[in-house]
Amino acid sequence: MRQEDVWNDDTARRYDTPGTGMFAPEVLGPTVGRLAELAGGGAALEFAVGTGRVAVPLAARGVPVSGIELSRPMVEQLRTKVDETTIPVVVGDMATATVPGEFSLVYLVYNTISNLLTQAGQVACFRNAARHLAPGGRFVIELWVPELRKLPPGQEATVWSSEPGYIGLDTYDLLHQQVVSHHFQFDESTNARLFRSPHRYIWPAELDLMGQLAGFELESRHADWSGAEFTADSRSHVSVYRLPTPN
């Protein structure tokens, strides 16, 4: 699976779920609030801006926001909400594409760094973030913790969500540190819809090393956008990396 094929016209049309899921106010509110705080009055750049789930409300908070996005269909959906002047977007790979200007904040939400399927690509993403940041600027990553503790010998899949009308499961390739997320949506009929996306999973310690290679220092890590403590049982984390300021 190529990312260009995953994030196609059909996916872009169905991506937004206003008021529910990752668009629910209790999810989106703390995310936008924390990012606005971290921007510190400066401009922000979103890697993989998508349809603007976070960028649009962040811009509405008065933060100047730009974006990088690989999928043209996702950008087309974003353009139904705001124009190019409000949120400028460069179409390209977040590991290599560049955006004019200097930013106080670069951010990646909802596990998107794992869409880069090689370690080299993920390291390049950190370095690209550093290129766009002013001294003292921050790179923020929201990422899930691989659930390998749930895999007994011989089992290759974990169910991470099961609710009426929806099942989410991940299949792991432990040798190559790859995972495919499978999202099944269904109703009372015999019909179901499947959406799949490939990822390279990253341990927090590996993520920190990527940051060091790009010149970042880990400033904080919490279990969510509201600042809950990150523990061994946390299923995800929000990690804030910062470029040092010159002495």
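A nonpolar core is a set of buried Ala, Val, Leu, Ile, Met, Phe, Trp, Tyr and Cys residues joined through side-chain atoms within 4.5 Å, where buried means under 20% relative accessible area, exposed over 50% and partly exposed in between (1.4 Å probe, protein chains only). In the structure above, the largest such core has 33 residues, and Phe47, Ile113, Phe126, Phe139 and Phe216 touch the most other members.

This is a predicted model, in which local features need pLDDT of at least 70 and side-chain atom pairs count only at pLDDT 80 or more, while totals for chains, interfaces and linings use all residues. Residues are numbered from 1 along each chain as its sequence is written, and side-chain values use heavy atoms, with hydrogens and water left out.

**The nonpolar cores**

- In soluble globular proteins, nonpolar side chains tend to be buried together.
- Five elements each supply at least two residues of the 33-residue core: β1 (44-47), β4 (103-108), α6 (119-132), β5 (133-144) and α7 (204-213). Helices (H or I, at least four residues) and strands (E, at least two) are DSSP runs, numbered from the N terminus.
- Apart from this core lies another, of 26 residues, with Leu28, Tyr107, Val140 and Val238 among them.
- Phe47 has contacts (heavy atoms within 4.5 Å) with Ile68, Met94, Val106, Tyr107, Leu108, Cys125, Asn128, Ala129, His132 and Phe139, leaving aside residues up to four places away in sequence.

**Aromatic rings**

- Searching the whole structure gives eight aromatic pairs. Rings of Phe, Tyr and Trp (its six-membered ring) pair if their centres lie within 6.5 Å; planes under 30 degrees apart count as stacked, over 60 as edge-to-face and the rest as tilted.
- Phe126 and Tyr241 make an edge-to-face pair, because their ring centres are 5.4 Å apart and their planes stand at 80°.
- This pair links distant parts of the chain, with Phe126 in helix α6 and Tyr241 in strand β11 (residues 236-242), 115 residues apart. Both Phe126 and Tyr241 are buried.
- Another edge-to-face pair is formed by Tyr201 and Trp203, at 6.4 Å centre to centre and 85° between the planes. Tyr201 is buried at 4% relative accessibility, whereas Trp203 is partly exposed at 34%.
- One aromatic cluster takes in Phe47, Phe126, Phe139, Phe216 and Tyr241.
- Arg221 lies over the face of Phe230, 6.0 Å from the ring centre. The criterion for a charge over a ring is that NZ of Lys or CZ of Arg is within 6 Å of the ring centre and within 35 degrees of the ring normal.

**The seven-stranded sheet**

- An open sheet of seven strands runs in the order β3-β2-β1-β4-β5-β11-β10, with mixed pairing. Two strands pair if DSSP finds at least two bridges between them.
- At the edges are β3 (89-91) and β10 (217-222), each of which pairs on one side only.
- From one strand to the next, the twist averages 15°.
- β1 and strand β2 (residues 65-69) run parallel and are joined by four bridges; Ala44 stands opposite Val65 in β2.

**Helices lying across strands**

- Helix α3 (residues 25-39) lies across β4, β5, β10 and β11, at about 150° to β4. Axes are lines fitted to C-alpha atoms, for helices over the stretch in contact, and angles run from 0 to 180 degrees between N-to-C directions.
- α6 lies across β1, β2, β4, β5 and β11, at about 145° to β5.

- Strand β6 (residues 157-163) and strand β7 (residues 166-173) run antiparallel, joined by six bridges.
- Glu163 stands opposite Tyr166 in β7.
- The hairpin has two residues between its strands, and Gly165 takes a positive phi near 85°.

**Loops worth a look**

- Most residues other than glycine have a negative phi, and most peptide bonds are trans.
- Tyr110 has a positive phi, near 55°, and sits in the loop between β4 and α6. Tyr110 is partly exposed, with 44% relative accessibility.
- Gln177 also has a positive phi, of about 55°, although it is not a glycine. Gln177 belongs to the loop between β7 and β8 (178-186) and counts as buried at 18% relative accessibility.
- Ala43 is in the loop between α3 and β1. The C-alpha atoms of Ala43 and Ser104 are separated by 5.7 Å, although these residues are 61 residues apart along the chain.
- Leaving aside residues up to four places away in sequence, Ala43 touches Pro64, Glu102, Phe103, Ser104 and Leu105.
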